[in-house]
Amino acid sequence: MKGEGKQAIYPGTFDPVTNGHMDIVQRAASLFDSVVVAVTNNPGKQPLFLVEERVAMIQEELSGLDNATVESFDGLLMDYAERREAAVIVRGLRAITDFEFEFQMALVNRKLSNDIVTVFLMPNEKYTYLNSTIVKEVAKFDGDVSSFVSPYVQEQLSLKYRDA
Ligand code: ADP
């Protein structure tokens, strides 16, 4: 909220949250007064984890960060950001291949809401190859994902694939 300083929203699918996502959350938390990790409830993406499960995993990860919280949202990001009176949208940029899509989204979002600024943060280079899809592929075949996600997320992945 406005009265509480500069609030940033970090939106995404987070299916599931990876160490790359957390690198971005930490950078955002050091730059802004508060950060809300906003998990999109977009059913079109057919995620592996329910939105509640994705929120719960991020909640676990945020325990050491006192100015970051997590929640889910429906509908248009910019409507949600306006309701929340956020000043900034944070996105992660891993590689040049992210750029074109992110650039387009940022410009569309600026048209929708001129006052909200999109900021791109780069993770530590060791996370630049990492995405949730790769993590799921490796976990599905029982590969070692311990350097990509937290032990808690690792456990949730093996439970999910064991039950599947
Ligand atoms: P979306 O479906 O919105 O792309 P993701 O969960 O895939 O949701 O990603 C959310 C945000 O986190 C995006 O800005 C994405 O570029 C960024 N991101 C994803 N993985 C990484 C990573 N390994 N390092 C840095 N940023 C990342």
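I take two strands as paired if DSSP finds at least two bridges between them. Strands (E, at least two residues) and helices (H or I, at least four) are DSSP runs, numbered from the N terminus.

The model is predicted, so I keep to the limits that go with it: local features need pLDDT of at least 70, side-chain atom pairs count only at pLDDT 80 or more, and totals for chains, interfaces and linings use all residues. Residues are numbered from 1 along each chain as its sequence is written, and side-chain values use heavy atoms, with hydrogens and water left out.

Entry 1, the sheet. I looked up the strand order and found an open sheet of five strands, E3-E2-E1-E4-E5, with parallel pairing. Strand E3 (68-73) and E5 are the edge strands, each with a single partner, so one side of each lacks a neighbour in the sheet. Strand E2 (residues 34-40) runs parallel to E3, and six bridges join them. Within this pair I noted Val 37 opposite Val 70 in E3.

I count rings of Phe, Tyr and Trp (its six-membered ring) as paired if their centres lie within 6.5 Å; planes under 30 degrees apart are stacked, over 60 edge-to-face, the rest tilted. The count is four pairs. One of them is Tyr 10 with Phe 14, edge-to-face at 5.2 Å centre to centre and 80° between the planes. Tyr 10 and Phe 14 are both buried (under 20% relative accessible area, 1.4 Å probe, protein chains only). The pair of Phe 73 and Tyr 80 is stacked, because the ring centres are 4.6 Å apart and the planes stand at 20°. Phe 73 and Tyr 80 are buried as well.

I searched the whole structure for cavities of 30 Å³ or more and found one. A cavity here is a set of points on a 1 Å grid over the protein atoms alone where a 1.4 Å probe fits but cannot get out; lining residues have an atom within 4 Å of a point. The volume of the largest cavity is about 40 Å³, taken as the space filled by probe spheres set on the points, which are joined across faces, edges and corners. Which elements supply at least two residues each of its lining? I found strand E4 (88-92), helix H4 (96-112) and strand E5 (117-121). H4 gives the largest share, four residues. The lining includes Leu 77, Arg 91, Glu 102 and Phe 120.

How values were computed
1 Å grid on protein atoms, 1.4 Å probe; cavity = no way out; pocket = protein on both sides within 12 Å on 5 of 7 lines; lining within 4 Å. Buried < 20%, exposed > 50% of the residue type's maximum accessible area, 1.4 Å probe, protein only.
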